[in-house]
Amino acid sequence: MSESKGSIFPDERVWYDQFTSTDWVHDTIADSHRVKALRSRKDFWGRVRVAFDGSQGWILSALSGFVVALIAYTVDVSESTVFDYKDGYCARAWYLDEKKCCPRGACEDWKSWSQAFDYHPFGEKWTDFSIYLLCVIGFSCLSCWITLWTKTVVPSAYRLTTLDENLAAERVPLLADDVHSDDNVSPRQQRDPERESPPMVYYSAAGSGVAEVRVILSGFVLHGFLGFKTLVIKMVALILSVSSGLSLGKEGPFVHMATCVGNIACRLFTKYDRNDAKRREVLSAAAAAGVAVAFGAPLGGVLFGLEEVAYFFPAKTLFRTFFCCIIAALSLKFLNPYGTHKIVMFEIRYLVDWEYFELLSFVFVGILGGAIGALFIKASKYWAHSFRRIGVIKAYPILEVFLVAVTTGLMSYWNGLTKLSVAKLLLSLASPCDDSTDGSKDDLGLCPSSVNDIPPILLTLFVAFLIKGFLTIITFGIKVPAGIYIPSMVVGGLLGRIIGHLVQWLVLVAPGWAIFGNCATASDGTCIQPGVYGLIAAGATMCGVTRLSVTLAVILFELTGSLDYVLPFSLAVLVAKWTADAIEPNSIYDLLTSMNSYPFLDNKHKPVFTGDLADIVPRVRRERVIDITNSPIVPATSLRAKLETLHRAGELDGGLPIVRRDVLVGLIPAPDLEYALDQLVDEQTSLCLMDRVPSIDEDEEDEPDPTDFTRYIDPAPVTLDVRSPLDLVYECFVKLGLRYICVSRDGKYAGLVHKKTFVKYMRELEESES
């Protein structure tokens, strides 16, 4: 036990630095020693402490679920009221939206802005339009202004490009492997300002945050990204951005805000606050609860955590995530944000079953949805590379938001479909033409009474499809809290509704075809329900954008509550994923992760390796090795120079191997070394002990010697032979969560492979194969 770095002076272990990777092995060892010490007491109070320790995870899960539901309630109620301010206000109570102000339909309590003002220089219609446009611009720009408060500037040494959904981020020109230095010269003297990349700027409250949450759960440390300030600012800015009527959703930001709640709640217990690996168990559960309250789908939330964001997901975490999602869903039902005692804005019921000949239509809808989702990714990337790299747009994010808001206001107001909020529009597109759903009242004229009514409906839907598709492309990535889930479903829903009406028209035009059977005379009109096609295409398009599969099928089932349509939903999602993968291999979040240079090692898509470890091992440089062949005493100034060499290479979470006669005898992590050097009183003259000396080990002192660095050294770092296959290297990084692997050749030290180096190699391998 005395030889383990995790057990000697555990309180002296330095906390994780910004932009470093979690040391999963160290955290697991540290927690094992903590649990062993806790269980050593066999008395009554010892058992109580053990029981309380075991219940802490459940307490945090329940607390996170309730708070997430409370935040969702606040956002839902506030957003619905502020959204309607663009059209008017409730004279009876200013804080009510139009539906709550006039629950039975149009009433005198709801006043449009043309009714509120007596002066109409251009007519009442243009007065309403002017105020609508001003509200869209005002809410959007205010949301962006608040979001910009979370601006963070990061030095170029961290070798990242952005930490928000900026597809226009440019790759870092200087790679870590290109850094060379001399052991005799201080790295500060070598620094060439012309070769340095500019500092990276990011806004933690911008975008959805799902890609960043996924990277954080894989072990990447981002201080402040899940903090209280980010949570509050994102919640306020999200209410404004959704209320503005931009083509964005609140479901993705719910995942980020829920993860913030889980991260803040971990501060209650030291077990989770001081152990990053344990903390991520709570973060996984909280992120899943975000999806549960966003869609009203607790089972879908659990699967989302398993399929999309979680990296290490043991059975214990799965059950705790399920518990957290159930608590969140129950809490939201009691809070009743919509006044319907439902946990979603809409709940659709299909009373008519589907016909067998419709399977071909469902497959076709799935193909189209997957293709649109993949093309959306390509279009978003092209827009970001062409428009967002304009100097003035890049320098002033609020200008882009202003332009997008003006475009949205001008294009959306004159179309009855696009003027609706994305959630209400999706409800209208998915609703059947009967009385089985609250939103099925045909206020928008989407339910034809005869075959002659179908062409005008198709024209209206097609125009709305073009408008929403364009607005969604230019909106994704602007500096406001914005999700892509519901907007992508709306675009797909418009297309699916078009397909549904085309099939309906075909059945009415040719009712005698044998394949249709008695469909033309069944039910009211035909047996074809265009709303089913709308919802299936919505799910297929979202699958094409995010590549969620099982999660999406379950969410669609929970929205409809219909077992009859589980098969069409699942079939369309399957076909959509195959189609999207063929057109664009990466999901929108995979693309963001790759472009933003996150050190994310994908554990779901393993490349085909044919080489061995020797292919990626960098050459051994003496400025990155601590050689104690002649003496275990090393000057502190030399250690500081070696540490700065690692920092210049961007390896803040790297390590310096310790060798004696070319044999690896230990490794000191860079964060630990920096902490140890900072504790020295006089760094210029201090000599540091880098190996155990018997005479010193036997000397028992109350206070440890600050120059004794042996307590920070890992005496047994994970080491592989240079001839090890790359498949084994991949498994070690993925399954063990290592930050680096030492390499040996014939028993002697031959180099060190950092996780970031391996990720870079994998990306280059995938690019060469594609």
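The model is predicted, so some care is built in: local features need pLDDT of at least 70, side-chain atom pairs count only at pLDDT 80 or more, and totals for chains, interfaces and linings use all residues. Residues are numbered from 1 along each chain as its sequence is written, and side-chain values use heavy atoms, with hydrogens and water left out.

Cysteines make a handy starting point. A disulfide is a covalent bond between the sulfur atoms of two cysteines; here, the term covers a pair of cysteine sulfur atoms within 2.5 Å. The structure holds three of these disulfides. One of them links Cys90 and Cys101, with 2.1 Å between the sulfur atoms. Cys90 sits in strand E1 (residues 88-90) and Cys101 in helix H3 (residues 98-101), so this pair ties together parts that are 11 residues apart in sequence. Helices (H or I, at least four residues) and strands (E, at least two) are DSSP runs, numbered from the N terminus. The S-S torsion for Cys90 and Cys101 comes to about 75°, so the disulfide is right-handed. As for accessibility, buried means under 20% relative accessible area, exposed over 50%, and partly exposed in between (1.4 Å probe, protein chains only). Cys90 is buried at 2%, and Cys101 is buried at 3%.

Cys102 is buried, at 8% relative accessibility, while Cys107 is partly exposed, at 32%.

Cys433 and Cys447 also form a disulfide, with their sulfurs 2.0 Å apart. With a torsion of about -90° about the S-S bond, the Cys433 and Cys447 disulfide is left-handed. Both Cys433 and Cys447 lie in the loop between helix H17 (422-430) and H18, so the pair ties together parts that are 14 residues apart in sequence. Cys433 is partly exposed at 37%, and Cys447 is partly exposed at 23%.

What about Cys144? Its sulfur is 7.0 Å from the closest cysteine sulfur, in Cys141, which is too far for a bond. Cys144 is buried, with a relative accessible area of 0%. Cys732 is buried too, at 9%.

Helix H18 covers residues 454-475, and its 22 residues should span 32 Å at 1.5 Å a residue; the end C-alpha atoms are 31 Å apart, which agrees. The expected span is 1.5 Å times one less than the number of residues. After H18 comes Gly477, whose phi is positive, near 105°.

Further along, three strands make an open sheet in the order E5-E7-E8, with mixed pairing. Strands E5 (626-627) and E8 (663-669) stand at the edges with a single partner strand each, so one side of each has no neighbour in the sheet. Two strands pair if DSSP finds at least two bridges between them; E7 (residues 655-660) and E8 are antiparallel over six bridges. Leu656 has Ile668 in E8 as its bridge partner.

Two helices pack on this sheet. Helix H24 (residues 636-648) touches E5 and E7, and its direction makes about 135° with that of E7. Helix H25 (residues 670-678) touches E7 and E8, at about 70° to the direction of E8. Contact means heavy atoms within 4.5 Å. Axes are lines fitted to C-alpha atoms, for helices over the stretch in contact, and angles run from 0 to 180 degrees between N-to-C directions.
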